Amino acid sequence: MRRLITLSRGNPELPPLSVEFAGRRRRVLDLPLIAWLTLIWVLLWSTLTWANVVIGAVVAIVVCLAFPLPQVDLGLRLHPWGILVLAGYLLYDMYTSGVKVTRQIFSGRPHRPAVIAVPLRCRSDLMLAATAVSVSNVPGGAVIEVRRATATLFLHVLDADRPEELAAARRSVWRLERLTVRAFGTRDEIRRVAGPPPGHESSDGTGEDIDGDMEEGA
């Protein structure tokens, strides 16, 4: 017997936090969307009362049922443990990178900046953007370009005096990519980031190849 109501937990094809109603036409209620429409209704009336909340929720449900949106999969998945790990690592990395940048500023010796290309393993627009945002939040590096066709980040780094520094910058980007995907990516994307970075398998198996893609800055 077909179920009249299906929760998103029982159907991976449904958007997160949604409910599907059986019938001739597919009806899906996206609970976050209903909550957002209810909030807009309350703001329009400028009064927070139970009546406005209930009426706003009813209007939101009627609108969603009468004018269903097309099914669009943004590729966003929420993994609570992955989100906590990503947030903790970003806080730690922002602190340690901030200390490192401060030492570089007050060290008194000149540093050679550079722009490096870092190819990523995931090619979806969402994961590219999320990884770029994560990298930009860490002091000492700034994303200046995201090349969608090749899934490549172009990163400006402050300290390019030694090849080890460039290798460490690339490893940091790949680590953030892995943590970001484990927090918001699909299963297929999580499997992708478990493998080695593209085009960076060296003969000694270290996965590092830092030649040929650095532009020295002034």
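## Basis

This is a predicted model, where local features need pLDDT of at least 70, side-chain atom pairs count only at pLDDT 80 or more, and totals for chains, interfaces and linings use all residues. Residues are numbered from 1 along each chain as its sequence is written, and side-chain values use heavy atoms, without hydrogens or water.

## Helix 2

Helix 2 covers residues 50-66 (helices are DSSP runs of H or I, at least four residues; strands are runs of E, at least two; both are numbered from the N terminus). Asn52, Gly56, Ala60 and Cys64 are buried there (buried is under 20% relative accessible area, exposed over 50%, partly exposed in between, with a 1.4 Å probe and protein chains only). These buried residues fall within an arc of 95 degrees seen down the axis of helix 2, so they line one face (the arc is that of the directions from the helix axis to the C-beta atoms). Their cover includes strand 3 (27-30) and helix 1 (contact means heavy atoms within 4.5 Å).

## Salt bridges

The count is six salt bridges (a side-chain nitrogen of Lys or Arg within 4 Å of a carboxyl oxygen of Asp or Glu). One of them pairs Arg148 with Asp125, the closest N and O atoms being 2.6 Å apart. This pair links distant parts of the chain, 23 residues apart: Arg148 is in the loop between strand 5 (141-147) and strand 6 (152-157), and Asp125 is in helix 4 (residues 125-136). Arg148 is exposed at 57% relative accessibility. Asp125 is partly exposed at 42%.

Asp188 also forms a salt bridge with Arg192, at 3.5 Å between the closest N and O atoms. Shared partners join Asp188, Arg191 and Arg192 into one network.

Conventions:
The expected span of a helix is 1.5 Å times one less than its number of residues.
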